[in-house]
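Here is a short briefing for a first look. Have the sequence and the 3D view at hand.

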Amino acid sequence: MNIYRDESNPLFQYVVGLGDDALILGHRWSEWLSKGPNLELDIAASNLALDLIGQANLLLEYAAEVEGAGRSADDLAYLRDTQDFRCHWLCEQPNEDWGVTIARMLMFSTYQYLRYSALMQSTDRQLAEIAAKALKEVTYHRRFAAEWTVRLAQGTDEGHRRVQNGFNILWRFVPELFETSGGERTLANDGIAVASDSLEADWRETMDEVMTKAGVSAPETSGRVMASRHNGHHSEHLGHLLCEMQFLQRAYPKASGATW
Amino acid sequence: MMAATNTRPESQPSSDKAAEIWAVLAGVLDPEVPAISVVDLGIVRGVMVSETGAVKLQVTPTYTGCPATALIHEIIKAAVISAGYFEVEIEQVLSPPWTTDWISQEGREKLRAYGIAPPVGEAAVGKALLFGVPPQVSCPKCGSNKTEQVSEFGSTACKAMYKCLSCAEPFEYFKCI
């Protein structure tokens with residue numbers, strides 16, 4: 001028995017997962033602010049963070065509504081602990097350098113692109129509408145990441161080394177992208193959710209296209225899912241991220257709410 | 001496809017009072033691009049006025065994370081209240097999602113006159129390209145087509161940075177999504 005796995009409300013769990021991915025990756029992008037490789041990329045980072053946090057806001061608002069327990073999107077973002085987050089491990093990994101950040105963005109925006117594309121057909125109208133909106137932004141993110149992958153890899157030896165290093169570090173998180181929980185499968189059968197494993201072939205095709213063009217390769221790993229986000233398991237990095245992201249709301253709980 | 005003039009919501013007010021409110025909104029400028037109104041921008045999707053004069057507005061965001069969204073709702077409300085309609089409710093709608101195709105023809109000309117190059121072409125549909133070719137944008141200052149993209153991200157989520165190779169002016173481009 002797992003104390004963290006809560007399948008009492010699969011739609012809530014599913015939507016929280018979508019929202020947490022956007023929130024945590026958005027926070028990672030915000031960490032680049034004032035530290036970008038140059039001014040244009042610093043601005044790009046803030047734009048990417050803003051888009052993702054905007055998506056998180058819509059998704060967590062909807063999750064809160066589905067839950068019906070009186071929690072707000074802010075409560076979900078700022079007052080949950082690590083074991084209640086449902087984001088992918090890939091999203092919570094540290095930025096490291098621009099090469100790792102770009103490799104992660106290519107991997108995850110390609111995934112989000114496919115997931116939102118499929119979710120546009122969801123029988124859940126709210127999810128379908130959010131997906132259609134978010135897809136427009138993610139299409140832009142994916143292109144940004146694809147172009148930077150090629151630019152780094154085809155530029156200098158140092159750029160190639162760094163972006164290749166990003167794929168080397170992050171490829172072990174590929175299997176979790178396609179891990180499909182029981183709750184997700186049931187929702188998918190009802191036409192509400194997208195089964196993660198249905199995205200794998202298209203994801204690999206796009207990654208292959210970009211990585212071949214860039215001249216980088218996927219490392220050989222026998223990666224498999226050791227601990228699941230669906231059970232509330234995370235890498236140590238998520239806790240550190242939440243310490244910073246949730247500090248204000250936790251330190252000054254009485255001031256939280258509309259006053260921010 | 002660009003929404004044809006006759007299919008834009010402001011061209012089909014549901015009542016005389018609604019037409020009056022549409023006219024008020026046509027004077028409410030986007031706080032981040034104070035050259036065009038929220039109606040030209042295409043983010044007001046519906047105006048309903050009840051028999052008692054209660055107003056319900058449907059507004060859609062440009063980008064999900066646009067930080068101006070809350071402010072836009074406030075100034076829209078203020079304008080409608082100033083016009084004598086004291087009961088105003090704003091509903092955020094997401095569908096159909098906003099794209100640059102929603103910017104009116106008139107709005108595009110206002111953008112250009114303000115120094116922001118309006119979006120070129122139509123928003124990408126179907127299988128979007130993995131690698132983009134920056135669109136050919138003409139300089140809003142001198143009209144030259146010899147321009148180049150400096151960065152695909154700009155001062156707000158909806159703009160990219162360009163420069164003109166003829167007159168050397170840097171300018172912003174309202175990018176297509």
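How many residues of chain A are in contact with chain B? Chain A puts 29 residues in contact with 29 residues of chain B, contact being heavy atoms within 4.5 Å. This is a predicted model, in which local features need pLDDT of at least 70, side-chain atom pairs count only at pLDDT 80 or more, and totals for chains, interfaces and linings use all residues. Residues are numbered from 1 along each chain as its sequence is written, chains are lettered from A in the order in which they are written, and side-chain values use heavy atoms, with hydrogens and water left out.

**The interface**
- The two chains, A and B, bury about 2700 Å² between them, 65% of it on carbon and sulfur atoms; buried area is the accessible area (1.4 Å probe) that two parts lose on being put together, summed over both.
- A:Lys133, A:Lys136 and A:Tyr140 supply 26% of the area that chain A buries against chain B, more than any other three residues.
- Helix 6 (125–154) of chain A gives the most to the side that touches chain B, with 14 residues; helices are DSSP runs of H or I, at least four residues, and strands are runs of E, at least two, numbered from the N terminus.

**The sheet of chain B**
- Three strands form an open sheet in the order 1-2-3, with mixed pairing; strands pair if DSSP finds at least two bridges between them.
- Strand 1 (44–49) and strand 3 (88–92) of chain B stand at the edges, each with a single partner strand, so one side of each is left without a neighbour in the sheet.
- Strand 2 (residues 55–59) and strand 3 of chain B pair in the parallel sense over five bridges.
- B:Lys56 has B:Glu89 in strand 3 of chain B as its bridge partner.
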